[in-house]
Amino acid sequence: FPLGLMDPLYVIVDGRSQGDYPVKSTPFFEATSYLSSQLASKTACGSEGVTSIAFLHNTRISWENAEKLLDTDGFYPVYFNNSVNQPLNAALITLTTPFEPFGDEVKDFTKTVRDAFKDPNLNGSYDYHLVGAPIWMVDATDITFKLFPIIIAVTVAAIFVMISCLLVSAFIPLRYAFTLVFPLSFIFGLAVMVYQDGVMEWLSWSALRSTDGMYWLTPIITFPICTGLALDYDIFLMCRVAEYRMEGYTNKASILKAVHETGGIITAAGVIMAIAFGGMMFSQTDTVNQIGWILFSSVLFDTFVVRTVLVPAVLMLAGPVNWWPRKVPKEGLKDEFGAPAANAGAMEARPDYESWDNDDHKESLRNLSAGASQKSPGEINGDGTGWNSL
């Protein structure tokens, strides 16, 4: 049997604009017959896969012949009644495809059929519609992918505006180009490598096997979820960075303290979400596996790469630009330990005096000090250089 036998497609020849009972007329039969023969010759259905009230078994039927056949008790009257509507103003052309109607071939098939509707020799008094569940899928796919770039642009723009207002920073859009758009591009690129190029085939795990591409709804469903998860962790971290910066910590100290204090919570939340999404990859449905993998990899990438490496790195490189035009403290800044920032380098370089806090070391220091005070300035160092040379 042809693969399309269980899911045939239909062309509706609509004559509602031509008055009452247009089906029972010579012009209607001529239009239906001509279109049927064109579809039989131009599509993969062939003459055996195209049938209508005016075209059966690769034979065109006129209205005069149809009237005679309708007066018989044979097959044609039954077929005629099943192919026209009750008001007798529309009829069906049945298309049985030799390929799976829900497969990739249906997209080109749809274009070929609709191009046939534009044939200048076809009667333009009637309307022609290609219908069927696969056709609805093709149309929905085309409209969705046409609008998807607009959805992405509007979503990203709205995020930029909202977060810029929240943190009072004009640098946010540029930073998100690295910390939001780049990670999302990586995640979906990785999904293409897995499900289209088959880079994970060596694992022999059905959830990560190549399916020659992703289901068309997969990126549509996962994009807003991945964006929301990335923003959730980013805002959590950035609000803490802004809080410390406003408390008088340096840019570096604010980033270090924020990453340190939010690290445990974000990591725990990310691992929990990854476990939850990872459970989807034990499904027997390819689409569910694809959605699960994208969400699973997105959460782990945001948790262990973006939040711990990418965001801090961009914030460190940007420096004071992070907060423009926001007014942040510039005087009396503190390092990550709460000490004055001007002495931070000296504090890190100074010796550990607490290890000298015992009687032996104190006695050694007193003797050294007493001996030094008995020498002349040029002999302090014992090599001819002393205080005078400093």
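The legends below describe aromatic and charge–ring contacts in a predicted model. Residues are numbered from 1 along each chain as its sequence is written, and side-chain values use heavy atoms, without hydrogens or water. Local features need pLDDT of at least 70 and side-chain atom pairs count only at pLDDT 80 or more, whereas totals for chains, interfaces and linings use all residues.

**View 1. The aromatic pair F145–W216.** Rings of Phe, Tyr and Trp (its six-membered ring) pair if their centres lie within 6.5 Å; planes under 30 degrees apart count as stacked, over 60 as edge-to-face and the rest as tilted. The count by this rule is 14 aromatic pairs. One of them, F145 with W216, is edge-to-face, at 6.5 Å centre to centre and 70° between the planes. F145 belongs to helix α5 (residues 133–167) and W216 to the loop between α6 (172–195) and α7 (217–246), so the contact ties together parts 71 residues apart in sequence. Helices are DSSP runs of H or I, at least four residues, numbered from the N terminus. F145 is partly exposed at 37% relative accessibility, while W216 is buried at 14% (buried: under 20% relative accessible area; exposed: over 50%; partly exposed: in between; 1.4 Å probe, protein chains only). Ring pairs link F145, Y215 and W216 into a cluster.

**View 2. The aromatic pair F148–F223.** This edge-to-face pair has 5.8 Å between centres and 85° between planes. Because F148 lies in helix α5 and F223 in helix α7, the pair joins parts 75 residues apart in sequence. F148 is buried at 14% relative accessibility, and F223 is buried at 7%.

**View 3. Lysine charges over tyrosine rings.** A charge sits over a ring if NZ of Lys or CZ of Arg is within 6 Å of the ring centre and within 35 degrees of the ring normal. The charged end of K257 lies over the ring of Y244, 4.9 Å from its centre. For K334, the charged end is over the ring of Y249, at 4.4 Å from the centre.

Notes: Helix = DSSP H or I, 4+ residues; strand = E, 2+ residues; numbered from the N terminus.
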